[in-house]
Amino acid sequence: MHEYENSAAWQPRMTDAEVTAEARRIIADAYRPANQMPTAYRDTSPLPAYGTTPPVPQPDRRIVPAWAAGTAVAGIGVGATCVGIGCGIWLACQGFAAVTLTSVLFVTLPIAGVAAVATALGSALRSLRGARTETHHHYAGPVRQETNQITAPAYGLIARNRNELNR
């Protein structure tokens, strides 16, 4: 009687040659390079002498403007300062009298208002200084540039847009 005959996982044993062949097949499958799809394609056909201009890559480098980051940091600073001053006043007043949260808020409200106005003015002045930007376009060769502006008002609860450009 075979030792595996009574178990549910009984399988016939492989010979040494079969084991070697199976191991070689598994190793060959593991080291076989996978079929790869190309991730980029460069069209090397010659450009037309006239006609539409071929597309030009325009990399998008969006960064947060300095004035926006400064305004955000200033807003966080104003909020933290108001909370800190309010807590300080509340803690200081704990020893003098029974102070309610409402009275502490009314004491800190003018401070928060002045800080918010100062932040808004600083942000406005900084954005006015940074508003004077110039854009230069440099072209090499004949280029036809068209600028189209479409005004399509949409009114009501359900709007239907027809963006048609008739030339």
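Trainee: In which helix is the place of S123?

Mentor: Helices (H or I, at least four residues) and strands (E, at least two) are DSSP runs, numbered from the N terminus. Here, S123 belongs to helix α3, which covers residues 101–130. A word on the source: this is a predicted model, where local features need pLDDT of at least 70, side-chain atom pairs count only at pLDDT 80 or more, and totals for chains, interfaces and linings use all residues. Residues are numbered from 1 along each chain as its sequence is written, and side-chain values use heavy atoms, with hydrogens and water left out.

Trainee: How many helices and strands does the protein have?

Mentor: There are three helices and zero strands. Along the sequence the pattern reads α-α-α.

Trainee: Is S123 buried or exposed?

Mentor: Start with the cut-offs. Buried means under 20% relative accessible area, exposed over 50%, and partly exposed in between (1.4 Å probe, protein chains only). S123 has 14%, so S123 is buried. Across the 167 residues of the protein, 4% count as buried.

Trainee: With which side chain does the side chain of S123 make a polar contact?

Mentor: A polar contact is a pair of N or O atoms within 3.5 Å; within protein, one must be able to donate a hydrogen and the other to accept it, and residues adjacent in sequence count only if both atoms are side-chain atoms. The partner of S123 is the side chain of T71, at 3.0 Å.

Trainee: What does S127 count as, at its relative accessibility?

Mentor: S127 is also in helix α3. Its relative accessibility is 27%, so S127 counts as partly exposed. From S127 to A66 is 61 residues in sequence, but 9.4 Å in space, C-alpha to C-alpha.

Trainee: How many salt bridges does a search of the whole structure find?

Mentor: A salt bridge is a side-chain nitrogen of Lys or Arg within 4 Å of a carboxyl oxygen of Asp or Glu. The search finds three. R25 pairs with E22, with the closest N and O atoms 2.6 Å apart. R25 also pairs with D29, at 3.1 Å. D29 in turn pairs with R32, at 2.8 Å. Together, E22, R25, D29 and R32 are linked in a network.

Trainee: Why are R25 and E22 separated by about one helical turn?

Mentor: Because they are three residues apart in helix α1, residues 16–31. R25 and D29 are four residues apart in helix α1, so about one helical turn separates them too.

Trainee: Is R32 buried or exposed?

Mentor: R32 is exposed, at 54%. R25 is partly exposed, at 44%.
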